[in-house]
Amino acid sequence: MDRRDFFKTAAMGTAGAAMMSSPLAMFTSCAPKEKPCELRISFQEGTAPCKTLEEKLDYMEELGIVGLEPKGKNLAERVNEFQQALRGRNIRISAICAGFSGFILAEDPSVKADFDSSMRDIIAAAGELGSTGVIMVPAFNHQSPCMPHTLETRKYLCEQMHELGEYALKHNTTVILEPLNRKEAHYLRQVADAAAICRDSESAGVKCMGDFWHMKEETSDYAALLSAGTEYLQHVHIASRGTRKMPGEDGELDNYVDGFRALKQLGYDKYVSFECGCNGDKEILVPAAVQLMRTQWEQAL
Ligand code: MG
C-alpha cells in the first residue's frame, strides 16, 4: 500500500467510524431528560380483583393506575361503554390487545380477508377511544397454513403493515407489533427485529412493543428496549418472569430495573401494562406488584 492508498483507506475508516457513530447520536439524544419521565402503569380488564368495569376503574384509581388495556374483540360495540366509564377519571385507554380474526400472514385468502376487515374495525374503534395502538402478532406457531419464513414474506409483511399503519394514522392511532417467545411465535421474537420491520414498513403508524415475559428471548432488556427507541416503542407488557403471574410472584427473577433504565433514558411516555395471571390473593398481590414496579423504577438509574 503506498502513502496515497493509506490515506484513502484511513479516510474511509474515518467515514466508516462516523457512520458507525450515528446510532450513538441517538443515545445522546436519549440522555435523561430534565423532567424525569413517569412510570405510567396500565391494567388489562382482567387485572383488578373486581367484577364490574366501574369497580375496576375505582380500584385502579386508588392505586394510581392511569391506563386501561381492553381486548379488541367487539371493541366497536363497547366504545360508548368505555367513553362513559372513563368520563371524569384520570385513566385513559392505553393499547388495545389484539382481538381480530385470522392473521396477516395467512395463506388462505379468506383467513387473510377476515384479518383485514376485523383488524380495521378494531383500529377505527381504538382511534375513537384515543388508544395508543392495536397490538398484533404476524403469526402464532399454531396458525396454519402460514406463509413461509422467507425474504419475500418479510417484504409482503412490510407492505401489508404499511397499509395498516396508514389506515391507523387516519384514525389517529397505530398498529403495534408484539414479538413473542419462540414457543408461541418463531416468526417475530425480538424487539429490535420488530423495530426493523416498523422502519421498513415506512409508515409512522407502524410501531412495536416489548413484553417482559417474552423478552426472555433477549440478551439484554436494556438493549432491546433501547433498540426500538422513541420512534418505534409504543407499549410495554409486564408479568412475573418465571410463570407469567403478578410481578413479584417469581421472587428474584422479577427484576425489571435494566428495562426500566432504558425506558427512563428514552423519556418513554407510553404505558407499562399488566398482562399476567395470578397464583394467589389478588387483593394482596396486585398492590404488591404495583409497589414493586414503582420501587424498581426508582432504582433504575
Ligand atoms: Mg404481551
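Is His237 buried or exposed? At 0% relative accessibility, His237 is buried, where buried means under 20% relative accessible area, exposed over 50% and partly exposed in between (1.4 Å probe, protein chains only). The legends below describe a predicted model, in which local features need pLDDT of at least 70 and side-chain atom pairs count only at pLDDT 80 or more, while totals for chains, interfaces and linings use all residues. Residues are numbered from 1 along each chain as its sequence is written, and side-chain values use heavy atoms, with hydrogens and water left out.

**View 1. The magnesium site.** Glu178 (OE), Asp211 (OD), His237 (ND1) and Glu275 (OE) coordinate the magnesium ion at 2.0 to 2.2 Å. Donors are N, O and S atoms within 2.8 Å of the metal (3.2 Å for Na, K and Ca); water is not among the atoms, so sites may look incomplete. Along the sequence the donor residues follow the spacing E-x32-D-x25-H-x37-E. Asp211 in strand β7 (residues 206-211) and His237 in strand β8 (residues 233-238) are 26 residues apart, a pair that links distant parts of the chain. Asp211 is buried, with a relative accessible area of 1%. Helices (H or I, at least four residues) and strands (E, at least two) are DSSP runs, numbered from the N terminus.

View 2. Nine strands form an open sheet with parallel pairing, in the order β3-β2-β1-β9-β8-β7-β6-β5-β4. The edges are β3 (92-93) and β4 (95-97); each has a single partner strand, so one side of each is left without a neighbour in the sheet. Helix α9 (residues 282-299) packs on the sheet and touches β1, β8 and β9 (272-274). The direction of α9 makes about 150° with that of β1; axes are lines fitted to C-alpha atoms, for helices over the stretch in contact, and angles run from 0 to 180 degrees between N-to-C directions. Three bridges join β1 (residues 41-44) and β2 (residues 67-69) in the parallel sense, with Gln44 opposite Glu69 in β2. Two strands pair if DSSP finds at least two bridges between them.

**View 3. Surroundings of Thr173.** Thr173 is in the loop between α5 (151-170) and β6 (175-177) and is buried, at 3% relative accessibility. Beyond four places in sequence, Thr173 has contacts that include Ile123, Ser131 and Ala168, contact meaning heavy atoms within 4.5 Å. Ala124 belongs to helix α4 (residues 109-128).

**View 4. Helix α6.** Buried residues of α6 (residues 191-201) include Val191, Ala194, Ile197 and Cys198. The buried residues of this helix pack against α5, β6, β7 and α7 (221-232). Glu202 follows α6 and has a positive phi, near 50°.

**View 5. Cysteines.** With a disulfide taken as a pair of cysteine sulfur atoms within 2.5 Å, the count is zero. For Cys278, the nearest cysteine sulfur is that of Cys276, 7.5 Å away. Cys278 is partly exposed at 22% relative accessibility, and Cys146 is partly exposed at 25%.

**View 6. Confidence.** The protein chain averages a pLDDT (the predictor's confidence in each residue, from 0 to 100) of 92, and 88% of the residues score at least 70. Mean confidence is lowest in helix α1 (residues 3-29), at 44, and highest in β6, at 99. Over residues 1-30 pLDDT stays under 50. Where pLDDT is low, the predicted coordinates should not be read in detail.
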